[in-house]
Amino acid sequence: MVHKLAPVVLLVLLLTVLTGFASAQTAAPQPFRMLASQANLDIGAAVALQPLLNDPQYVATLIREFNLIVPENALKFAVLSSAPGQYNFSGADYIVDFARANNMKVFGHVLVWHDRIPAWVLNGGYNRDQLLTILRNHITTVVTRYRGKIAYWDVVNEAVNPTGGYRASLWYTTIGADYIETAFRTAHEADPNALLFYNDYSNEGLTAKSDFIYNMVKDLKARGVPIDGVGFHMHQRLDFPPDMAKMRQNIARLEALGLQVRITEMDVQINVSTAPLAERLNQQAKFFGDALSTCLSFSVCTGFTSWGFTDKYTWRSPDTPLMFDSAYQPKPAYFAMNNAFVSYLANLGKVVPEPTVPSLVIQTIGRPVPGQVLTVAFKLYRMAGLYGLETRCQIPPPAVSSGGYTDGDLFTGGNSFVVNGGYNPAEGSWDIAASRLRPNPAISGSGTAFTLRFTLAQATIPVLTCTALAVDAEGRVLPLAVITLSG
Ligand code: G3I
């Protein structure tokens, strides 16, 4: 692995697709992901499967900006299981593999929720013992499958009423409040290294609801239940601004219990106001910037995730609640978040490096045809503090349900291949190696220029994504360029 390449200073790469197409380069501010890595924060976005498979700009923007993803729907009980004991993990597997291929963490949403319970559970007429068995089996099945691959679990979501007290969900009314404790204990048994969260909405400030949650998690902690933190959804609307002072007090009291906090589903509705659009966008930006600054100011606030990232795909549609517009252009909210990072890092005395390579290269070609030869050229740059690069090319399976790419030529299994490189100062040369490459694709070159050439054997390829990641001396992964080839 490039991470293990010897003390090297270095590098990177600019990818250009040499198939006779013009390449579009967008100068952009330092991506969130690069800033977040210096701030030791997970910067996340919820992702939907269809755009991940079909929309190259979605893929490119996601990889460039975020270091964590949350499956928006793919891990919900009703999505996974349509009959007793039967699971279809194809969508969730694709998302988890995508994250791993792009050095992103995964926040698993959600194990126990009152919504999206399969009909066979909801209408099964099960008694307490039977439902406890179903709950335990579900958690064990899902967490075990992703042990070591999903860093955080949203174990129990939205279990508390807006005015406090337990929500009268199927779980509560059939099992009782101890379903929560059982859920955490079962998840911990299945993956002792995963961090386990209680997650809810309208719980970031000081209210009857957040008081109830505070007392609930305090009691769980006191009884040794394995809970690591509390998530604040932060689905916001302009006409109800969050109170940052109260949010700070709430984080502080949770911190005192030894818990982490995370912002887990943030978005900001703007169509609830009649103010001019520019004003609403600036207010939206302030919500995002303030929430991120508040999170950054607490070491126990370990992650900031928005519920999507582009207004093109949002559960709030036709509202436009996110930081990229439908054309993937950054909105004021994006720049407010960027400023929050930069201010935080400046206060720590950390210098935010200027981007030295284009932060994004997107190349889109027409639908590839069998036999077409594609060439990706790598130009390598020395960069202070960076010593390695890793380029991964990932192609989705033609049908998610097929469980893998079946080309048999381009890939030797799985759906990605990896090119690693680093500067070897002893030799004064670059070392480039590729894994999972057979004669097709092939890598060639010398000096600072390398070429990856491959022939497509598959008629229809929705999206092929090649991502260039640099690895710095501390092992942090920084995105440098993204190429997507789209059919
Ligand atoms: O995929 C089907 C599609 O095949 C069908 O044609 C269409 C017709 O309605 O439905 C599609 O599924 C929808 C799915 O989103 C994907 O778009 C479901 O009906 C719809 O219920 C589902 O809504 C999701 C909702 O949770 C309920 O699961 C939203 O996308 C998702 O953003 C929302 O997320 C929740 C969190 O899980 C918990 N916190 C609140 C948050 C927002 O409500």
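Two strands are taken to pair if DSSP finds at least two bridges between them. Strands (E, at least two residues) and helices (H or I, at least four residues) are DSSP runs numbered from the N terminus. In E4, Val70 is the bridge partner of Ala46. The structure is a predicted model, in which local features need pLDDT of at least 70 and side-chain atom pairs count only at pLDDT 80 or more, whereas totals for chains, interfaces and linings use all residues. Residues are numbered from 1 along each chain as its sequence is written.

The protein comprises 13 helices and 20 strands. Of its 487 residues, 47% count as buried. Burial is assigned from C-beta atoms placed from the backbone: a residue is buried if 20 or more other C-beta atoms lie within 10 Å of its own, exposed if 12 or fewer do, and partly exposed in between. Two residues are in contact if their C-beta atoms, likewise placed from the backbone, lie within 7 Å. Among contacts between residues at least 6 apart in sequence, 79% join residues at least 24 apart.

Strand E4 (residues 68–71) pairs with E3 in the parallel sense over four bridges. E4 and E5 also run parallel and are joined by two bridges, with Leu68 opposite Lys105 in E5. In a regular strand the side chains alternate between the two faces of the sheet. In E4, Leu68 and Val70 point one way and Ile69 and Pro71 the other way, and all are buried.

Strand E5 (residues 105–113) includes Trp113. Trp113 counts as partly exposed because 19 C-beta neighbours lie inside 10 Å. Not counting residues up to four places away in sequence, Trp113 touches Asn157 and Glu158. The C-alpha atoms of Trp113 and Asn199 are separated by 9.9 Å, although the two residues are 86 apart along the chain. Pro318 is placed in the loop between strand E11 (301–306) and helix H13 (332–347).

A nonpolar core is defined as a set of buried Ala, Val, Leu, Ile, Met, Phe, Trp, Tyr and Cys residues joined through C-beta atoms within 7 Å. The largest such core has 101 residues, of which Ile95, Val155, Ala183, Ala187 and Phe288 touch the most other members. Helix H12 (residues 277–296) gives the most to this core, with seven residues.

Helix H9 (residues 178–190) has 13 residues and reaches 18 Å from its first C-alpha to its last, close to the 18 Å expected at 1.5 Å a residue; the expected span is 1.5 Å times one less than the number of residues. Buried residues of H9 include Tyr179, Ile180, Ala183, Phe184 and Ala187. The buried residues of this helix pack against E5, helix H7 (128–145), strand E6 (152–157), helix H8 (170–175), strand E7 (195–200) and helix H10 (208–222). Leaving aside neighbours within four places in sequence, Ala187 is in contact with Leu111, Ile139, Val143, Trp153, Val155, Ala194 and Leu196.

In helix H12, Ala291 is buried, as 26 other C-beta atoms lie within 10 Å. Beyond neighbours within four places in sequence, the contacts of Ala291 are Met234, Pro242, Ile263 and Met266. Ala291 and Met234 are 57 residues apart along the chain, and their C-alpha atoms are separated by 8.9 Å. Met234 is found in the loop between strand E8 (229–232) and strand E9 (235–237) and has a positive phi of about 60 degrees although it is not a glycine. Met234 counts as buried, with 25 C-beta neighbours inside 10 Å.

A positive phi, near 55 degrees, is also found for Asn40, a residue other than glycine. Asn40 lies in the loop between helix H1 (32–38) and strand E3 (42–47) and is exposed, with 10 other C-beta atoms within 10 Å.

The ligand is surrounded by Glu72, Asn73, Lys76, Asp115, Arg116, Asn157, His233, Glu265 and Trp315, a residue being near a molecule if its C-beta atom, placed from the backbone, lies within 6 Å of it. This shell divides into one nonpolar, three polar and five charged residues. In this classification Ala, Val, Leu, Ile, Met, Phe, Trp, Tyr, Cys and Pro count as nonpolar, Asp, Glu, Lys and Arg as charged, and the others, Gly among them, as polar.
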